[in-house]
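My entries follow in the order I made them.

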Amino acid sequence: MSRVQYNMALSGQPPQELSVWQKVFVFIGMLGLLVLLLATFNYQFPNKTLWLSLSLGSICIGVIGFSWSLYGDKPSGIKNDGVWFKPLTSRGLWAWLFGIFITLFYVVLYFFPQYLGLNADAENTGLIVLFDPLSYALSGNPASQWFMYGTLYTLSILIFGIKFIWKYRHSQYEVIRTLSVMFFQTAFAFIIPELMARLNGESLQLPYYDLKNIWPLNYYNFEQYRIDGFLNSGTIGMALLIFGVISIFVITPILTYKYGKRWYCSWVCGCGGLAETAGDPFRQLSDKRQIAWKVERWVVHSVVVFVTLMTTAVIYSYLDYDAAKYWLNKDIFLGLVALLLTLVFAWAMLFRREELQKDAQYGAIGYFVIIIGLLTIHFFWGSQLFLFQAETLRTTYAFLIGSVFSGVIGVGFYPIFGNRVWCRFGCPMAAILGFQQRLFSKFRITTNGGQCISCGNCSTYCEMGIDVRAYAQKGQNIVRSSCVGCGICAEVCPRGVLKLENDSPEGRINPKDVLLGNDVDLMNYVNQK
Amino acid sequence: MSHVVIIGNGIAGITAARHIRKFSDKQITVISAETDYFFSRTALMYVYMGHLKFEHTQPYENRFWKKNRIDLKQAYIEEVDFKNKKLFSAVGEEIAYDQLILATGSVTNFRGWKGQEIDGVQGLVSKQDLELLEKNSTNLTHAVIVGGGLIGVELAEMLHTRKIEVSMLVREPHFWGSVLPKEEGKLISKHIQQHGINLLFETELDEIIADANNQVKAIITKSGQQIECQLVGVATGVKPNISFLKNTELETDKGILVNRNLETNISDVYAIGDCAQQREAIGNRKPVEAVWYTGRMMGEAVAQSICGNPTAYHPGNWFNSAKFFDIEYQTYGWVFPKQKEGFSDFYWEDEKNERALHFQYKTDSKEFVGVNAFGIRLRHEILDAWLTEKLSIKEVIQQFSKANFDKEFSKKFSRQLQKAFQQSQLQNA
């Protein structure tokens, strides 16, 4: 080519190179990770407090400094330049390397914690023991692999939360929402349970309890060891147990009715917290095809059925051990489960039938018949409840859903499938909240008349894979069970078409064929057809 | 079964196709030389900036078309035989139609400058333009954009993301002077400048100069200033894409002349979208409306006519929107850029945040006629109703928070607005 090379900065090229400052901060952050890696390979750091602080400190400086170099000198506004050019955010080489790295981390964490320094009979070593100083300070106990993980998890939400706030600083909604997520993770998931552990003793045997972690997301909440712990902890224990029950049956429906499931999924939840902060750069990778939506509905609702069966079986299995301790006996319990399921099913079928698609109706009927059928068979013929051992169901769920789906796939595959794979395809809590959001809530994303230009930013940046544009270009409000209310569609919309809001449930769903702005007679003629 | 052929797969043509399918069982063929599938033209900029991949700009999945029995055909139509109802493609293929909808859109309006055929001079309308821009961006350090309007500011924003220095030649004393009154013109001009774009006001292009390889080397303005650059972005508007229809019996002017039913002078031939020109302008609208929304509305209307329900194109209240770097713009009704006899203005600008509202109303009756909003989102439905009901400016200001479509927790402004309005009324009294 004959054109003169004007400079070596490759102007005119898609922005995918890191600036000098960005490289510096990546390096600083990597130093912090290196310390953790050395500890994993059993390098003995002489002063654990110092080295843990140095390591976590340089990770913080790395991430926050990197955010500064990305957004600090730029005017506030949408910052998606080059998202599809950078290898890390467009399934390039770095995305795969990063994905493999996190996946490996989760595999080791869940299935081979000994490589992190967990020792069954002796004191912990390796990476875990590096976290001892912090663990002693909080709970008074040595660190476990879960404490180490919890610390890194919370730290990620905090530092990437700062990055997110920087990126979306023009939007109060995003700023407040992110502060909320950061707060709930730090206080409820991290500090309070550790302090609760410190209070434990003779009269108090509280299980580790993240109060915002609601069944069925914490599928283990009603397992026997936890129930025993609650019951052996006097009034506080009883209060926590009751809280655990009413949070799913009372608090959740009320809040979801008023605000949609976002009150939980993108404001409170820890999984959502990580997805919205550390996972934000990967939101555009979610699959928007209709086929993905079909798979999603079947998989996520199957998980709900699975967790319901599993929990019922587990509670059932320990109920009659000590008749004096549990007023609830096996028969009453199964009766209550059957009653609740029947009520929910009957309500949806009677009052919301027209809002359910055909296959959703078949699916609901099918699952309902199976569960009630199993209960009936058991009741009259006394066979094994749900055909499997409760323990088998429990361990299978814990392995497949609790570990592999939510951790290994859910987070490990962020850079490949997007940041909400678990929330979308796997989380039973999200499915229950979504069921409610779709059928009984004031929340919707309102579409602004005829202003949509079908550009596709909203759909592309929807982490839940909702084809937002398909609704917006029809002038139809978005009322979808999967929407977590992150608000990014409304941010990236260049024409002010989308608004998340809670309004009266009347007219929430409003399909149109001819949009506002055209002849009024034509609109009436076509839209009433 | 009659065969409807639509030339052009943009928003106008595709909307027509979708609605015809909805209301009839006709055979539908959509012909395009540009792309295989419908895409959002307004989103081309986001592909260049890396916000989207090209496939994200396609509003329907590829299987949509087959499912809805809309045949897509990639062909360049070179000739139309209106008498025998036949189209001829560039490769000599013959396509027969019963009804023809021309939705061929726009092309860049080169104004006949000396040197406009040099390599590196281009507009931004088609997907091919985007590909050309990608090619022209290699080793590009300085670009000149001619024209301070919507395509101009898009081009500026695009090139800016690749660290290319941009100078914009703006004919008026402020940005988009043909549409924006001077207050907001200045607000937006300042915003664009803050993003590092070099705005040259009251400057027009005279000549483009090539280097030895017929590449752009520099431009010369009408005042004789020479600016070195390797790209000239032409953003002085678009014109109907109808050159292949000249010298046929189809009546054309700037665009294809149509009546209110979007019928041309030839029966069974319709024209919609950017390429159509109303024989008589509708209200304050231009005879040729090159806007996404009007293209869609014409598509909705023509589909009715094709399906046996003759329908006039009868658009409601005017509205439009755009985004200038980080400032969103919406407009409803009419806000005239130059002071107009019988109309009064009320302009409010937030002192702290980059946002503003510009209202116009009839001086005598106080009837509200239009509003420009910057950095503030407004509810289309509410504004449309207010315009139709001819509310007074006072009523509009009083209940303006009803029209607010800003995101939750956004900073409120209605009190400030009302206070400013009261003051302006006192001054006027």
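**Val35(A).** I looked up what Val35(A) touches beyond the residues up to four places away in sequence: Trp51(A), Leu54(A) and Ser55(A). Contact here means C-beta atoms, placed from the backbone, within 7 Å. I found Val35(A) in helix α1 (residues 20-40) of chain A. Helices are DSSP runs of H or I with at least four residues, strands are E runs of at least two, and both are numbered from the N terminus. Val35(A) counts as buried because it has 20 C-beta neighbours inside 10 Å. The cut-offs are 20 or more other C-beta atoms within 10 Å for buried, 12 or fewer for exposed, and partly exposed in between.

**Ground rules.** I note that this is a predicted model, in which local features need pLDDT of at least 70, side-chain atom pairs count only at pLDDT 80 or more, and totals for chains, interfaces and linings use all residues. Residues are numbered from 1 along each chain as its sequence is written, while chains are lettered from A and ligands numbered from 1 in the order in which they are written.

I went on to phi and omega. Most residues other than glycine have a negative phi, and most peptide bonds are trans. Asn42(A), not a glycine, has a positive phi of about 65 degrees. Asn42(A) sits in the loop between α1 and α2 (48-71) of chain A. It counts as exposed, with 12 C-beta neighbours inside 10 Å. Phe409(B) also has a positive phi, about 70 degrees. I placed Phe409(B) in the loop between α9 (393-398) and α10 (414-428) of chain B. Its 14 C-beta neighbours inside 10 Å make it partly exposed. A cis peptide bond joins Trp215(A) and Pro216(A), with omega about 10 degrees. Pro216(A) is in the loop between α7 (172-199) and α8 (224-231) of chain A.

**Chain A overall.** I listed 22 helices and two strands. Of its 529 residues, 44% count as buried. The C-alpha trace spans about 90 × 80 × 35 Å along its principal axes. Of the contacts between residues at least 6 apart in sequence, 72% join residues at least 24 apart.

**Core.** Which residues touch the most other members of the largest nonpolar core? They are Cys489(A) and Ile272(B), in a core of 244 residues. Such a core is a set of buried Ala, Val, Leu, Ile, Met, Phe, Trp, Tyr and Cys residues joined through C-beta atoms within 7 Å. Helix α6 (residues 145-167) of chain A gives the largest share of this core, 10 residues. Leaving aside neighbours within four places in sequence, I found Cys489(A) in contact with residues including Ile445(A), Cys458(A) and Leu498(A).

**Between the chains.** I counted 53 residues from chain B and 54 residues from chain A in the contact. On the chain B side, α7 (292-306), β21 (319-324), β22 (327-333) and α8 (380-388) each give two or more residues. The largest share, six residues, is from α7(B).

**Helix α7(B) again.** I checked its crossing with helix α1 (residues 11-23) of chain B. The two axes come within 7 Å and cross at roughly 30 degrees. Axes are lines fitted to C-alpha atoms over the stretch in contact, and angles run from 0 to 180 degrees between N-to-C directions. Residues that meet include Ile20(B) and Phe23(B) in α1(B), and Val302(B) and Ile306(B) in α7(B).

Definitions and conventions: Two residues are in contact if their C-beta atoms, placed from the backbone, lie within 7 Å.
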